[in-house]
Amino acid sequence: MHMDDQQRLESLFRARHHCVSIITHEEDYALSLVRETVIRTGGEIWIWSVIGGVRDGLITDSKPVPETEHPAAGLYHLAQRSLTAGSIAVTLDLAGHLKDERVLRLLRELLCRFRSIGCQLVMIDHLDELPPVIRSESARLEISLPDTEELNRIVRDTLRRMHREQSIEVDITRRGLQTIIRNLRGLTRRQAEQIIVEAVAEDRRFDEQDINHVLAAKRRALHQEGLLEYVEVPVSADEIGGLRRLKRWLAQRSGAFDAEAGRFGLTAPRGVLMLGVQGAGKSLCAKAIATAWQRPLLRMDVGALYDRYVGESEKRLRDALAQAEKMAPIILWIDEIEKAFASAASRSTDGGLSQRMFGTLLTWMQEHTAPVFLVATANDIEALPPELLRKGRFDEIFFVDLPSADAREQIAAIHFRKRKRDPVEFDLAAIAQASEGYSGAEIEQAIISALHDAYADKAELTTERVIQALRNSPPLSVTMAESIEALRRWAKHRCVPAD
(Lines give C-alpha, C1' and ligand atoms only; values in the text may rest on other atoms or scores of the structure.)
Protein backbone atom coordinates (compact mmCIF):
# COMPACT_ATOMS: atom_id res chain seq x y z
CA MET A 1 0.00 0.00 0.00
CA HIS A 2 1.34 3.43 -0.94
CA MET A 3 1.89 5.77 1.96
CA ASP A 4 2.55 9.47 1.60
CA ASP A 5 5.05 11.42 3.70
CA GLN A 6 2.43 12.46 6.27
CA GLN A 7 1.26 8.88 6.81
CA ARG A 8 4.81 7.54 7.09
CA LEU A 9 5.74 10.19 9.68
CA GLU A 10 2.65 9.44 11.76
CA SER A 11 3.41 5.73 11.44
CA LEU A 12 6.90 6.33 12.89
CA PHE A 13 5.37 8.26 15.80
CA ARG A 14 2.82 5.52 16.47
CA ALA A 15 5.68 3.00 16.52
CA ARG A 16 7.16 5.07 19.39
CA HIS A 17 10.33 6.12 17.58
CA HIS A 18 11.65 8.78 19.93
CA CYS A 19 14.00 10.27 17.29
CA VAL A 20 13.20 10.83 13.61
CA SER A 21 15.83 12.15 11.19
CA ILE A 22 14.82 14.02 8.02
CA ILE A 23 17.61 14.94 5.59
CA THR A 24 16.17 17.39 3.05
CA HIS A 25 16.54 20.75 1.34
CA GLU A 26 12.78 21.26 1.71
CA GLU A 27 12.79 22.40 5.33
CA ASP A 28 9.46 24.23 5.12
CA TYR A 29 7.75 21.13 3.74
CA ALA A 30 9.25 18.90 6.44
CA LEU A 31 8.14 21.35 9.13
CA SER A 32 4.62 21.39 7.69
CA LEU A 33 4.47 17.59 8.01
CA VAL A 34 5.39 17.77 11.70
CA ARG A 35 2.98 20.64 12.41
CA GLU A 36 0.12 18.80 10.67
CA THR A 37 0.80 15.75 12.82
CA VAL A 38 0.77 17.82 16.02
CA ILE A 39 -2.49 19.54 15.00
CA ARG A 40 -4.12 16.14 14.45
CA THR A 41 -2.97 14.69 17.77
CA GLY A 42 -3.50 17.87 19.80
CA GLY A 43 0.01 17.90 21.29
CA GLU A 44 2.55 20.70 21.45
CA ILE A 45 5.60 21.41 19.30
CA TRP A 46 8.77 23.31 20.12
CA ILE A 47 11.30 24.29 17.44
CA TRP A 48 14.99 25.07 17.94
CA SER A 49 17.40 26.79 15.53
CA VAL A 50 20.74 28.46 16.08
CA ILE A 51 19.20 31.80 15.03
CA GLY A 52 15.77 31.65 16.67
CA GLY A 53 16.52 29.57 19.75
CA VAL A 54 13.62 27.57 21.23
CA ARG A 55 10.16 28.81 20.29
CA ASP A 56 6.56 27.60 20.10
CA GLY A 57 6.10 25.85 16.76
CA LEU A 58 2.34 26.41 16.46
CA ILE A 59 2.21 30.16 17.13
CA THR A 60 3.19 32.38 14.20
CA ASP A 61 5.95 34.86 15.10
CA SER A 62 6.24 33.40 18.59
CA LYS A 63 8.94 34.94 20.76
CA PRO A 64 11.95 32.69 21.41
CA VAL A 65 12.92 31.57 24.89
CA PRO A 66 15.78 33.91 25.91
CA GLU A 67 19.37 32.66 25.66
CA THR A 68 18.55 29.36 23.96
CA GLU A 69 20.25 30.05 20.62
CA HIS A 70 23.38 28.02 21.41
CA PRO A 71 22.68 24.33 20.69
CA ALA A 72 23.78 23.26 24.18
CA ALA A 73 21.48 25.84 25.79
CA GLY A 74 18.59 24.89 23.51
CA LEU A 75 18.91 21.16 24.20
CA TYR A 76 19.28 21.76 27.95
CA HIS A 77 16.11 23.87 27.95
CA LEU A 78 14.16 21.17 26.09
CA ALA A 79 15.42 18.52 28.51
CA GLN A 80 14.32 20.58 31.53
CA ARG A 81 10.98 21.65 30.11
CA SER A 82 7.84 19.98 31.47
CA LEU A 83 6.65 18.21 28.33
CA THR A 84 3.66 15.91 28.17
CA ALA A 85 3.61 12.59 26.35
CA GLY A 86 3.11 13.08 22.62
CA SER A 87 4.90 16.43 22.54
CA ILE A 88 7.36 16.97 19.70
CA ALA A 89 10.61 18.94 19.60
CA VAL A 90 12.17 19.88 16.27
CA THR A 91 15.79 20.86 15.68
CA LEU A 92 16.87 22.63 12.49
CA ASP A 93 20.41 21.93 11.22
CA LEU A 94 21.64 20.55 14.53
CA ALA A 95 23.79 17.79 12.98
CA GLY A 96 26.69 20.15 12.18
CA HIS A 97 26.93 21.19 15.86
CA LEU A 98 27.27 17.62 17.13
CA LYS A 99 31.03 17.67 16.59
CA ASP A 100 31.05 19.43 19.97
CA GLU A 101 31.14 16.60 22.54
CA ARG A 102 29.12 18.64 25.04
CA VAL A 103 26.31 19.20 22.55
CA LEU A 104 26.36 15.52 21.60
CA ARG A 105 26.18 14.50 25.27
CA LEU A 106 23.20 16.80 25.87
CA LEU A 107 21.40 15.40 22.82
CA ARG A 108 21.90 11.82 24.02
CA GLU A 109 20.50 12.70 27.45
CA LEU A 110 17.55 14.51 25.83
CA LEU A 111 16.79 11.42 23.74
CA CYS A 112 17.00 9.24 26.84
CA ARG A 113 14.47 11.46 28.60
CA PHE A 114 12.15 11.62 25.58
CA ARG A 115 12.20 7.81 25.38
CA SER A 116 11.07 7.57 28.99
CA ILE A 117 8.27 10.17 28.85
CA GLY A 118 6.90 9.36 25.39
CA CYS A 119 8.00 12.46 23.49
CA GLN A 120 9.61 12.65 20.04
CA LEU A 121 12.52 14.58 18.60
CA VAL A 122 12.53 15.38 14.88
CA MET A 123 15.92 16.41 13.48
CA ILE A 124 15.63 18.28 10.17
CA ASP A 125 19.04 18.73 8.52
CA HIS A 126 20.24 19.65 5.04
CA LEU A 127 23.36 17.43 5.26
CA ASP A 128 23.65 13.81 6.35
CA GLU A 129 26.19 14.36 9.13
CA LEU A 130 24.65 12.56 12.11
CA PRO A 131 27.19 10.82 14.37
CA PRO A 132 26.86 7.01 14.31
CA VAL A 133 25.59 6.91 17.91
CA ILE A 134 22.65 9.20 17.01
CA ARG A 135 22.01 7.54 13.66
CA SER A 136 21.76 4.15 15.38
CA GLU A 137 18.78 5.23 17.51
CA SER A 138 16.99 7.42 14.97
CA ALA A 139 14.46 6.43 12.34
CA ARG A 140 15.06 7.93 8.90
CA LEU A 141 12.19 9.56 7.01
CA GLU A 142 12.98 9.98 3.33
CA ILE A 143 11.05 12.91 1.89
CA SER A 144 9.49 11.81 -1.39
CA LEU A 145 9.41 13.84 -4.57
CA PRO A 146 5.92 15.00 -5.58
CA ASP A 147 3.91 12.59 -7.73
CA THR A 148 1.75 13.54 -10.70
CA GLU A 149 -1.29 14.35 -8.56
CA GLU A 150 0.66 16.61 -6.21
CA LEU A 151 2.44 18.35 -9.09
CA ASN A 152 -0.94 19.05 -10.65
CA ARG A 153 -2.03 20.64 -7.38
CA ILE A 154 1.20 22.66 -7.10
CA VAL A 155 0.78 24.05 -10.63
CA ARG A 156 -2.86 25.03 -10.05
CA ASP A 157 -2.23 26.54 -6.58
CA THR A 158 0.75 28.53 -7.88
CA LEU A 159 -1.25 29.91 -10.80
CA ARG A 160 -4.16 30.87 -8.52
CA ARG A 161 -1.83 32.67 -6.10
CA MET A 162 -0.13 34.58 -8.90
CA HIS A 163 -3.49 35.46 -10.43
CA ARG A 164 -4.61 36.99 -7.14
CA GLU A 165 -1.47 39.13 -7.05
CA GLN A 166 -1.76 40.23 -10.68
CA SER A 167 -4.07 38.91 -13.38
CA ILE A 168 -2.65 36.16 -15.62
CA GLU A 169 -4.15 34.47 -18.69
CA VAL A 170 -4.30 30.67 -18.80
CA ASP A 171 -4.69 29.20 -22.28
CA ILE A 172 -3.50 25.60 -22.31
CA THR A 173 -4.99 22.28 -23.39
CA ARG A 174 -5.33 19.32 -21.04
CA ARG A 175 -2.64 17.54 -23.04
CA GLY A 176 -0.30 20.53 -22.74
CA LEU A 177 -0.84 20.67 -18.98
CA GLN A 178 -0.11 16.94 -18.70
CA THR A 179 3.11 17.45 -20.68
CA ILE A 180 4.24 20.22 -18.32
CA ILE A 181 3.43 18.11 -15.26
CA ARG A 182 5.29 15.14 -16.73
CA ASN A 183 8.33 17.36 -17.31
CA LEU A 184 8.22 18.48 -13.67
CA ARG A 185 8.63 14.90 -12.42
CA GLY A 186 11.82 14.36 -10.46
CA LEU A 187 11.94 17.92 -9.07
CA THR A 188 11.27 19.04 -5.52
CA ARG A 189 8.12 20.94 -4.62
CA ARG A 190 10.05 24.17 -4.32
CA GLN A 191 11.75 23.68 -7.69
CA ALA A 192 8.45 22.87 -9.42
CA GLU A 193 6.74 25.94 -7.95
CA GLN A 194 9.64 28.22 -8.89
CA ILE A 195 9.64 26.98 -12.49
CA ILE A 196 5.92 27.76 -12.87
CA VAL A 197 6.47 31.23 -11.39
CA GLU A 198 9.30 31.87 -13.87
CA ALA A 199 7.17 30.61 -16.78
CA VAL A 200 4.44 33.23 -16.27
CA ALA A 201 6.35 36.08 -14.59
CA GLU A 202 7.21 37.97 -17.79
CA ASP A 203 4.19 37.67 -20.10
CA ARG A 204 1.57 36.85 -17.42
CA ARG A 205 0.45 33.92 -19.62
CA PHE A 206 0.42 30.17 -19.07
CA ASP A 207 0.15 28.35 -22.39
CA GLU A 208 1.71 25.68 -24.63
CA GLN A 209 4.78 27.87 -25.19
CA ASP A 210 5.73 27.34 -21.55
CA ILE A 211 6.43 23.64 -22.18
CA ASN A 212 9.87 24.49 -23.57
CA HIS A 213 10.57 26.83 -20.66
CA VAL A 214 9.70 24.12 -18.15
CA LEU A 215 11.90 21.58 -19.94
CA ALA A 216 14.84 24.02 -20.09
CA ALA A 217 14.44 24.91 -16.41
CA LYS A 218 14.38 21.23 -15.48
CA ARG A 219 17.61 20.67 -17.41
CA ARG A 220 19.24 23.48 -15.42
CA ALA A 221 18.00 22.01 -12.15
CA LEU A 222 19.35 18.57 -13.02
CA HIS A 223 22.65 20.05 -14.15
CA GLN A 224 23.10 21.61 -10.72
CA GLU A 225 22.78 18.16 -9.17
CA GLY A 226 25.55 16.96 -11.50
CA LEU A 227 24.34 13.32 -11.53
CA LEU A 228 21.68 13.11 -14.24
CA GLU A 229 21.75 15.12 -17.45
CA TYR A 230 18.98 15.61 -19.99
CA VAL A 231 19.97 14.65 -23.54
CA GLU A 232 18.27 16.06 -26.63
CA VAL A 233 16.89 13.34 -28.91
CA PRO A 234 15.62 13.44 -32.52
CA VAL A 235 11.88 13.99 -32.79
CA SER A 236 11.55 11.13 -35.27
CA ALA A 237 13.28 7.80 -35.86
CA ASP A 238 13.55 8.91 -39.51
CA GLU A 239 16.42 11.16 -38.41
CA ILE A 240 18.42 8.07 -37.46
CA GLY A 241 19.97 6.04 -40.26
CA GLY A 242 20.36 2.24 -40.19
CA LEU A 243 19.79 0.22 -36.99
CA ARG A 244 17.05 -1.83 -38.66
CA ARG A 245 17.00 -4.74 -36.19
CA LEU A 246 17.13 -2.40 -33.20
CA LYS A 247 14.23 -0.34 -34.58
CA ARG A 248 12.20 -3.51 -35.18
CA TRP A 249 12.96 -4.73 -31.62
CA LEU A 250 11.84 -1.38 -30.22
CA ALA A 251 8.66 -1.34 -32.30
CA GLN A 252 7.69 -4.81 -31.04
CA ARG A 253 8.10 -3.70 -27.42
CA SER A 254 6.64 -0.21 -27.64
CA GLY A 255 3.38 -1.35 -26.04
CA ALA A 256 4.95 -3.70 -23.49
CA PHE A 257 4.73 -1.05 -20.75
CA ASP A 258 0.93 -0.87 -20.92
CA ALA A 259 -1.31 -2.48 -18.31
CA GLU A 260 -2.88 -4.58 -21.05
CA ALA A 261 0.53 -6.13 -21.80
CA GLY A 262 0.85 -7.08 -18.14
CA ARG A 263 -2.53 -8.80 -18.21
CA PHE A 264 -1.36 -10.66 -21.33
CA GLY A 265 1.56 -12.02 -19.30
CA LEU A 266 4.35 -9.72 -20.48
CA THR A 267 6.83 -7.98 -18.21
CA ALA A 268 8.11 -4.53 -19.16
CA PRO A 269 11.57 -4.42 -20.82
CA ARG A 270 14.32 -3.44 -18.36
CA GLY A 271 17.36 -2.61 -20.47
CA VAL A 272 19.82 -3.28 -23.28
CA LEU A 273 23.61 -3.34 -23.52
CA MET A 274 25.15 -1.77 -26.61
CA LEU A 275 28.57 -3.07 -27.56
CA GLY A 276 30.37 -1.86 -30.61
CA VAL A 277 33.04 -0.08 -32.55
CA GLN A 278 34.06 3.30 -31.20
CA GLY A 279 32.16 6.04 -33.00
CA ALA A 280 29.81 3.61 -34.74
CA GLY A 281 26.67 5.09 -33.19
CA LYS A 282 26.05 3.49 -29.79
CA SER A 283 25.08 6.89 -28.39
CA LEU A 284 22.69 7.25 -31.30
CA CYS A 285 21.13 3.93 -30.31
CA ALA A 286 20.29 5.36 -26.87
CA LYS A 287 18.66 8.33 -28.59
CA ALA A 288 16.84 6.01 -30.99
CA ILE A 289 15.25 4.18 -28.04
CA ALA A 290 14.13 7.43 -26.40
CA THR A 291 12.74 8.64 -29.74
CA ALA A 292 10.92 5.41 -30.55
CA TRP A 293 9.23 5.22 -27.15
CA GLN A 294 8.75 8.99 -26.73
CA ARG A 295 10.46 9.04 -23.34
CA PRO A 296 12.97 11.52 -21.93
CA LEU A 297 16.61 10.42 -22.10
CA LEU A 298 18.81 11.06 -19.07
CA ARG A 299 22.53 10.33 -19.04
CA MET A 300 24.20 9.41 -15.78
CA ASP A 301 27.53 11.16 -15.29
CA VAL A 302 29.37 8.31 -13.57
CA GLY A 303 32.50 10.43 -13.12
CA ALA A 304 30.52 12.80 -10.89
CA LEU A 305 29.51 9.90 -8.64
CA TYR A 306 32.99 9.24 -7.31
CA ASP A 307 33.78 11.16 -4.13
CA ARG A 308 36.84 11.21 -1.90
CA TYR A 309 34.83 10.54 1.26
CA VAL A 310 34.22 6.93 2.30
CA GLY A 311 30.67 5.84 1.55
CA GLU A 312 29.74 9.02 -0.30
CA SER A 313 30.22 7.58 -3.82
CA GLU A 314 27.83 4.69 -3.14
CA LYS A 315 25.31 7.15 -1.70
CA ARG A 316 25.57 9.34 -4.82
CA LEU A 317 24.90 6.31 -7.02
CA ARG A 318 21.89 5.31 -4.91
CA ASP A 319 20.61 8.90 -5.01
CA ALA A 320 20.99 9.06 -8.80
CA LEU A 321 19.15 5.76 -9.28
CA ALA A 322 16.44 6.86 -6.83
CA GLN A 323 16.01 10.13 -8.71
CA ALA A 324 15.77 8.23 -12.00
CA GLU A 325 12.99 6.08 -10.52
CA LYS A 326 11.08 9.12 -9.31
CA MET A 327 11.27 10.67 -12.79
CA ALA A 328 10.04 7.50 -14.48
CA PRO A 329 9.04 6.63 -17.12
CA ILE A 330 12.46 7.48 -18.61
CA ILE A 331 15.41 6.02 -20.51
CA LEU A 332 18.54 6.00 -18.32
CA TRP A 333 21.79 5.98 -20.28
CA ILE A 334 25.16 4.97 -18.80
CA ASP A 335 27.82 5.74 -21.41
CA GLU A 336 31.05 3.69 -21.56
CA ILE A 337 30.00 1.63 -18.58
CA GLU A 338 33.26 -0.32 -18.64
CA LYS A 339 35.20 2.83 -17.68
CA ALA A 340 32.85 3.58 -14.81
CA PHE A 341 33.29 0.17 -13.19
CA ALA A 342 36.59 -0.97 -14.73
CA SER A 343 38.16 -2.05 -11.43
CA ALA A 344 35.18 -4.28 -10.69
CA ALA A 345 36.45 -6.75 -13.31
CA SER A 346 39.90 -7.18 -11.77
CA ARG A 347 41.81 -6.85 -8.55
CA SER A 348 40.95 -3.36 -7.50
CA THR A 349 43.40 -0.71 -6.37
CA ASP A 350 40.67 1.58 -5.07
CA GLY A 351 39.88 -0.30 -1.87
CA GLY A 352 36.98 -2.15 -3.47
CA LEU A 353 35.02 1.01 -4.28
CA SER A 354 34.36 0.05 -7.92
CA GLN A 355 33.19 -3.40 -6.86
CA ARG A 356 30.81 -1.94 -4.28
CA MET A 357 29.49 0.59 -6.81
CA PHE A 358 29.06 -2.18 -9.38
CA GLY A 359 27.26 -4.34 -6.82
CA THR A 360 24.89 -1.47 -6.04
CA LEU A 361 24.09 -1.10 -9.76
CA LEU A 362 23.53 -4.85 -10.25
CA THR A 363 21.19 -5.01 -7.23
CA TRP A 364 19.19 -2.08 -8.58
CA MET A 365 19.01 -3.63 -12.06
CA GLN A 366 17.60 -6.81 -10.53
CA GLU A 367 15.15 -5.29 -8.06
CA HIS A 368 13.86 -1.92 -9.29
CA THR A 369 10.17 -1.80 -10.17
CA ALA A 370 9.79 1.72 -11.61
CA PRO A 371 9.60 1.99 -15.44
CA VAL A 372 13.24 2.97 -15.93
CA PHE A 373 14.76 1.42 -19.07
CA LEU A 374 18.55 1.17 -18.79
CA VAL A 375 20.77 1.64 -21.86
CA ALA A 376 24.43 0.84 -21.22
CA THR A 377 27.06 1.36 -23.93
CA ALA A 378 30.55 -0.12 -24.01
CA ASN A 379 33.59 -0.25 -26.32
CA ASP A 380 35.93 -2.65 -24.50
CA ILE A 381 34.57 -6.15 -23.87
CA GLU A 382 37.55 -7.29 -21.80
CA ALA A 383 37.03 -4.48 -19.27
CA LEU A 384 33.42 -5.49 -18.58
CA PRO A 385 32.79 -7.51 -15.39
CA PRO A 386 31.46 -10.96 -16.40
CA GLU A 387 28.41 -10.54 -14.14
CA LEU A 388 27.15 -7.76 -16.41
CA LEU A 389 27.01 -10.07 -19.42
CA ARG A 390 25.11 -12.83 -17.63
CA LYS A 391 21.75 -13.73 -19.15
CA GLY A 392 18.92 -11.87 -17.47
CA ARG A 393 20.83 -8.70 -16.67
CA PHE A 394 19.66 -7.13 -19.94
CA ASP A 395 16.77 -7.95 -22.24
CA GLU A 396 19.17 -7.98 -25.17
CA ILE A 397 22.82 -7.32 -26.03
CA PHE A 398 23.19 -5.52 -29.36
CA PHE A 399 26.36 -5.16 -31.41
CA VAL A 400 26.68 -1.83 -33.23
CA ASP A 401 28.99 -2.28 -36.22
CA LEU A 402 30.08 0.28 -38.77
CA PRO A 403 27.14 1.20 -41.01
CA SER A 404 26.32 -0.87 -44.10
CA ALA A 405 26.13 0.65 -47.59
CA ASP A 406 22.36 1.20 -47.28
CA ALA A 407 22.79 2.76 -43.85
CA ARG A 408 25.57 5.03 -45.15
CA GLU A 409 23.22 6.31 -47.88
CA GLN A 410 20.55 7.03 -45.26
CA ILE A 411 23.07 8.78 -43.00
CA ALA A 412 24.37 10.97 -45.81
CA ALA A 413 20.80 11.89 -46.84
CA ILE A 414 19.90 12.82 -43.24
CA HIS A 415 22.90 15.14 -42.91
CA PHE A 416 22.25 16.75 -46.29
CA ARG A 417 18.68 17.54 -45.22
CA LYS A 418 19.93 18.93 -41.89
CA ARG A 419 22.05 21.39 -43.86
CA LYS A 420 19.21 22.48 -46.16
CA ARG A 421 20.31 20.38 -49.14
CA ASP A 422 18.09 18.05 -51.18
CA PRO A 423 19.65 14.53 -51.11
CA VAL A 424 18.30 13.92 -54.61
CA GLU A 425 20.91 16.35 -55.93
CA PHE A 426 23.75 14.07 -54.76
CA ASP A 427 24.98 10.63 -55.81
CA LEU A 428 24.30 8.86 -52.53
CA ALA A 429 25.45 5.49 -53.87
CA ALA A 430 28.86 6.94 -54.80
CA ILE A 431 29.19 8.58 -51.38
CA ALA A 432 28.23 5.30 -49.68
CA GLN A 433 30.87 3.44 -51.70
CA ALA A 434 33.55 6.04 -50.92
CA SER A 435 32.67 5.97 -47.19
CA GLU A 436 33.06 2.22 -46.68
CA GLY A 437 34.58 1.67 -43.23
CA TYR A 438 33.47 5.11 -42.01
CA SER A 439 31.24 5.66 -39.00
CA GLY A 440 28.14 7.84 -39.15
CA ALA A 441 29.97 10.59 -37.25
CA GLU A 442 32.85 10.49 -39.76
CA ILE A 443 30.43 10.77 -42.69
CA GLU A 444 28.83 13.79 -41.04
CA GLN A 445 32.21 15.44 -40.52
CA ALA A 446 33.12 14.84 -44.18
CA ILE A 447 29.95 16.62 -45.30
CA ILE A 448 30.71 19.53 -42.94
CA SER A 449 34.28 19.72 -44.24
CA ALA A 450 33.03 19.74 -47.85
CA LEU A 451 30.60 22.55 -46.94
CA HIS A 452 33.49 24.64 -45.58
CA ASP A 453 35.47 24.06 -48.77
CA ALA A 454 32.51 25.03 -50.97
CA TYR A 455 31.80 28.16 -48.93
CA ALA A 456 35.45 29.26 -49.08
CA ASP A 457 35.48 28.77 -52.87
CA LYS A 458 32.11 30.54 -53.19
CA ALA A 459 30.79 27.40 -54.90
CA GLU A 460 27.97 24.94 -54.27
CA LEU A 461 28.29 21.66 -52.40
CA THR A 462 28.75 18.68 -54.74
CA THR A 463 29.15 14.92 -54.52
CA GLU A 464 32.77 15.23 -55.64
CA ARG A 465 33.62 17.60 -52.79
CA VAL A 466 32.13 15.19 -50.23
CA ILE A 467 34.04 12.22 -51.70
CA GLN A 468 37.25 14.25 -51.69
CA ALA A 469 36.68 15.18 -48.02
CA LEU A 470 36.26 11.47 -47.22
CA ARG A 471 39.54 10.60 -48.96
CA ASN A 472 41.36 13.36 -47.10
CA SER A 473 40.39 11.90 -43.72
CA PRO A 474 41.06 8.15 -43.24
CA PRO A 475 38.50 6.44 -40.96
CA LEU A 476 39.20 5.17 -37.46
CA SER A 477 38.55 1.64 -38.70
CA VAL A 478 41.84 1.74 -40.63
CA THR A 479 44.01 2.66 -37.65
CA MET A 480 42.14 0.26 -35.32
CA ALA A 481 41.58 -2.60 -37.77
CA GLU A 482 42.91 -5.37 -35.48
CA SER A 483 40.88 -4.42 -32.41
CA ILE A 484 37.71 -3.94 -34.47
CA GLU A 485 38.10 -7.35 -36.09
CA ALA A 486 38.62 -8.97 -32.67
CA LEU A 487 35.49 -7.26 -31.39
CA ARG A 488 33.47 -8.50 -34.36
CA ARG A 489 34.65 -12.09 -33.80
CA TRP A 490 33.64 -11.91 -30.13
CA ALA A 491 30.20 -10.47 -30.92
CA LYS A 492 29.39 -12.80 -33.82
CA HIS A 493 27.62 -15.49 -31.77
CA ARG A 494 26.97 -13.50 -28.59
CA CYS A 495 25.13 -10.36 -29.71
CA VAL A 496 22.27 -9.32 -31.97
CA PRO A 497 23.36 -7.00 -34.80
CA ALA A 498 21.73 -3.56 -34.39
CA ASP A 499 21.45 -3.15 -38.19
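Trainee: What span does helix H6 reach from its first C-alpha to its last, and what span is expected?

Mentor: In this predicted model, H6 covers residues 148-165, which is 18 residues. Its end-to-end C-alpha span is 26 Å, close to the 26 Å expected at 1.5 Å a residue.

Trainee: Which residues of H6 are buried?

Mentor: Glu 150, Leu 151, Ile 154, Val 155, Thr 158, Leu 159 and Met 162 are buried.

Trainee: Why are the buried residues of H6 said to line one face of the helix?

Mentor: Seen down the axis of H6, the buried residues fall within an arc of 170 degrees, so they line one face. On the other side, Glu 149 and Arg 164 are exposed.

Trainee: What covers the buried residues of H6?

Mentor: The cover includes helices H2 (27-41), H7 (174-184) and H8 (189-201), together with strand E8 (205-207).

Trainee: Why is His 77 called buried?

Mentor: The cut-off for buried is under 20% relative accessible area. His 77 has 19% relative accessibility, so it counts as buried. This residue is found in helix H3 (residues 71-80). Leaving aside residues up to four places away in sequence, His 77 touches Val 54, Val 65 and Thr 68.

Trainee: What makes E9 and E15 the edge strands of their sheet?

Mentor: The sheet is open and has seven strands in the order E9-E11-E12-E13-E10-E14-E15, with mixed pairing. Strand E9 (228-231) and strand E15 (496-497) each pair on one side only, and these are the edge strands.

Trainee: In what sense do E10 and E13 pair, and over how many bridges?

Mentor: Strand E10 (residues 271-276) and strand E13 (residues 372-378) pair in the parallel sense over five bridges. Within this pair, Val 272 stands opposite Val 375 in E13.

Trainee: How many cavities of 30 Å³ or more does the structure hold?

Mentor: It holds one. The largest cavity has a volume of about 40 Å³.

Trainee: Which residues line the largest cavity?

Mentor: The lining consists of Arg 270, Gly 271, Trp 364, Met 365, His 368, Leu 374, Arg 393 and Phe 394.

Methods. Residues are numbered from 1 along each chain as its sequence is written. This is a predicted model: local features need pLDDT of at least 70, side-chain atom pairs count only at pLDDT 80 or more; totals for chains, interfaces and linings use all residues. Side-chain values use heavy atoms; hydrogens and water are left out. Helices (H or I, at least four residues) and strands (E, at least two) are DSSP runs, numbered from the N terminus. The expected span of a helix is 1.5 Å times one less than its number of residues. Buried means under 20% relative accessible area, exposed over 50%, partly exposed in between (1.4 Å probe, protein chains only). The arc is that of the directions from the helix axis to the C-beta atoms. Contact means heavy atoms within 4.5 Å. Two strands pair if DSSP finds at least two bridges between them. On a 1 Å grid over the protein atoms alone, a cavity is a set of points where a 1.4 Å probe fits but cannot get out, and a pocket is an open set with protein on both sides within 12 Å along at least five of seven lines; lining residues have an atom within 4 Å of a point. Grid points are joined across faces, edges and corners, and a volume is the space filled by probe spheres set on the points.
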